Amino acid sequence: MSAQHDLAERFLQIADLLEIRGENPFRIRAYRRAAESLERFGGDLAALASAGRLRELAGVGSDLAQRIEEYLTTGRLAMLEDLAQRAPRGVFDLLAVPGVGPKTVRLLTERLKIGSVRELERAITAGRLRRLPGFQAKKEQNLLKGIAVVTKGRERMTLDVALALADELVAFLKRVPGATRVSPAGSLRRMRETIGDLDLLVASARPQRVMKAFTTSRWAGRILAAGTTKASIVTADGLQVDLRVVEPAAYGAALQYFTGSKEHNVRLRELAARRGLKLNEYGVFRGTRRLASREEAEVYRAVGLPWIPPEIREDAGELDAAQAGRLPHLVEAADIRGDFHIHTTYSDGHDGLEQVVDAGRARGYRHIAICDHSQSLRVAHGMSVARIREQMARIRALNGRFRGFRVLLGSEVDILEDGRLDYPNAVLADLDFVVASVHSGLRQDRATLTRRIVRAMQNPYVTVVGHPTGRRIGLREPYALDLEAVIRAAHDTSTALELNASPDRLDLSDAAARRARDAGVMLAIGTDTHRIAHYAHMRLGLGLARRAWVGPSQLLNCQTTGDLLAWIRRKRQAAGAARRS
DNA sequence: GCCGTTTTCGGCCCGACTGTTTTCAGTCG
């Protein structure tokens, strides 16, 4: 675990403990904000500290800088230890129960000496909560439901699941009479890598009708809340969906509000307030006069900003960029000319070469790279040298039939445990596009693994490093890796880094991809397609690239076939020149 | 505890829903 992640966790604990003690809410917010900053900071925290530049982190002033220093030098935070010692046991577990906030924790621990979720459950069943002020049957039921949620382990949806559900629900809501506009909002619209609750927004002059349709729809397995403009349901699969209905005139303001992120909105409202304006989900107001509300772009304009794409609304510099007129030019679906990481039945893919190629053409691409696994990866039926030679011949024959479309000869070559590649250079030299990936020896130590990947990048035939950190969302942590060193090496060797668009990988992550982008590294979205339907994961890859502030000029997918091949050739020639000199 | 185009003090985003209340506190996003 990284120092900043660990420290951020501790700051959040401090915030919780201060909150239970009923301290100044703004002081509490300061700890949460600093935690957020630390999570986002990708660089070397110790280096930042020794340079005396900790206060450059947003929300870190002299006090918090001191606490960070204390943690870095001693590994401890006296303040947290002090607070924790005086806090009742079980507070963090209790706080995690939906419906239990700081005030309730205080009541439960002080009056009933409850110190765990288990004890809370027993106290409810025994009727002991009735002794507390404001606790009646309904509240008990809600707490029991909340307990069920935490004990079952509350899961976030992967983005593909959320998108599929959202597409269905949006189509359904659009058919409800009186629903004039429908959009996903929240983290889905921002294309975050996983989604907690799905947020949907509807414009309608007849909100009751939309509410009724929603809460009686086939998706509504359980209804958590249903007011006049807001409702929450849980689907049979346990996915929570929140719906908000607003009048058409407020649609833009509501969409802005419900898209978030929370931090982005807080900053935007502060900005509005400094200009004497008030911003809420109904519009931008000066006094009681509404200046903007119907369209999202009008809302931003009213507070003096250009429209900001949802994917970068994370309070990660986008507001400053917008104010300075320096918003990034983000890649769009129409910019994509090809996909690079595609498997067929030659290794572990589900569909045959011709079908996969036809499907790629049908998507309107100008080129695709077929990249089946290399010989060492037996579990994925990695191809022997003879077999990839045969595949290459077949692809060459296919290419003879196409105009304006080309299948690139490729491979996903294993990076062996010492950093050599799984095919000899004589084979790699005959390929157009080489994805080099780690699939074995994942437990190597950080220095070894870093050296291994850097060595692979030094091979002139390696075009891109596949799923660079190896993480599987919800399944496997990234391997120990000095990502900054990998990014530097990618830059120095003219090797691209993959944005693997497989929904449980999304690797690089958005934050890491942003750092690579800032370092001037070329990136390449690869869908890691194992069946034709996976081509659609390009949508996730695009979302990831946009979240990382990536534009078409830094994405190999957006190059023409000629420019792409020229870019690959330059690395090969530079390496050749270096060897000759 | 942070921060500054209302600057070194005095602000700090804003509203819906629930359950319990008869005007609101707590929680959530």
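Which residues point one way from strand 16 and which the other way, and are they buried or exposed?

A: In this predicted model, Ala496, Glu498 and Asn500 point one way from strand 16, while Leu497 and Leu499 point the other way. All of them are buried. In general, side chains in a regular strand alternate between the two faces of the sheet. Strand 16 spans residues 496-500, and because 5 of its 5 residues are buried, the strand is largely enclosed by the rest of the structure.

The strand belongs to an open sheet of 7 strands, ordered 11-12-13-14-15-16-17, in which the pairing is parallel. Strand 11 (338-342) and strand 17 (523-526) are the edge strands, each pairing on one side only. Strand 16 pairs in the parallel sense with strand 15 (residues 464-465) over 2 bridges, and there Val464 stands opposite Ala496. Elsewhere in the sheet, strand 12 (residues 367-370) and strand 13 (residues 406-414) also pair in the parallel sense, over 4 bridges; Ala369 has Leu408 of strand 13 as its bridge partner.

Contacts with Leu523 extend this picture. Leaving aside neighbours within four places in sequence, Leu523 is in contact with Ala496, Leu497 and Leu499, as well as with Ala513, Ala516, Arg517, Ala545, Val550, Gln554 and Leu555. The largest nonpolar core holds 119 residues, and Leu523 is one of the three that touch the most other members, together with Val202 and Ala545. Helix 10 (residues 159-174) contributes the largest share of this core, with 7 residues. Another core lies apart from it and has 31 residues, including Leu38, Leu94, Ile114 and Leu129.

Leu129 is placed in the loop between helix 8 (117-125) and helix 9. With 23 C-beta neighbours inside 10 Å, Leu129 counts as buried. Not counting residues up to four places away in sequence, Leu129 touches Ala123, Ile124, Phe135 and Glu140.

Leu508 is found in the loop between strand 16 and helix 22 (510-518), and a cis peptide bond, with omega of about 5 degrees, joins Asp507 and Leu508. His467 lies in the loop between strand 15 and helix 21 (483-493). Although not a glycine, His467 has a positive phi of about 20 degrees; with 25 C-beta neighbours inside 10 Å, His467 counts as buried. Trp549, in the loop between helix 23 (538-547) and helix 24 (561-580), likewise is not a glycine and has a positive phi, of about 65 degrees. Trp549 is buried, with 24 other C-beta atoms within 10 Å.

DNA strand B is surrounded by 39 residues, of which Gly61, Gly101, Thr104, Gln136 and Gly227 are the closest. By class, the surface near DNA strand B has 13 nonpolar, 16 polar and 10 charged residues. Helix 14 gives the most to that surface, with 6 residues. The loop between helix 13 (251-259) and helix 14 holds Ser261, which a cis peptide bond joins to Gly260, with omega of about -5 degrees.

Terms used. Residues numbered from 1 in each chain as written. Chains lettered and ligands numbered in written order. Predicted model: local features only at pLDDT ≥ 70, side-chain atom pairs only at ≥ 80, totals over all residues. Core = buried A, V, L, I, M, F, W, Y, C linked by C-beta atoms within 7 Å. Buried ≥ 20, exposed ≤ 12 C-beta atoms within 10 Å, placed from the backbone. Contact = placed C-beta atoms within 7 Å. Near = placed C-beta within 6 Å. Nonpolar A, V, L, I, M, F, W, Y, C, P; charged D, E, K, R; others polar. Pairing = 2+ DSSP bridges.
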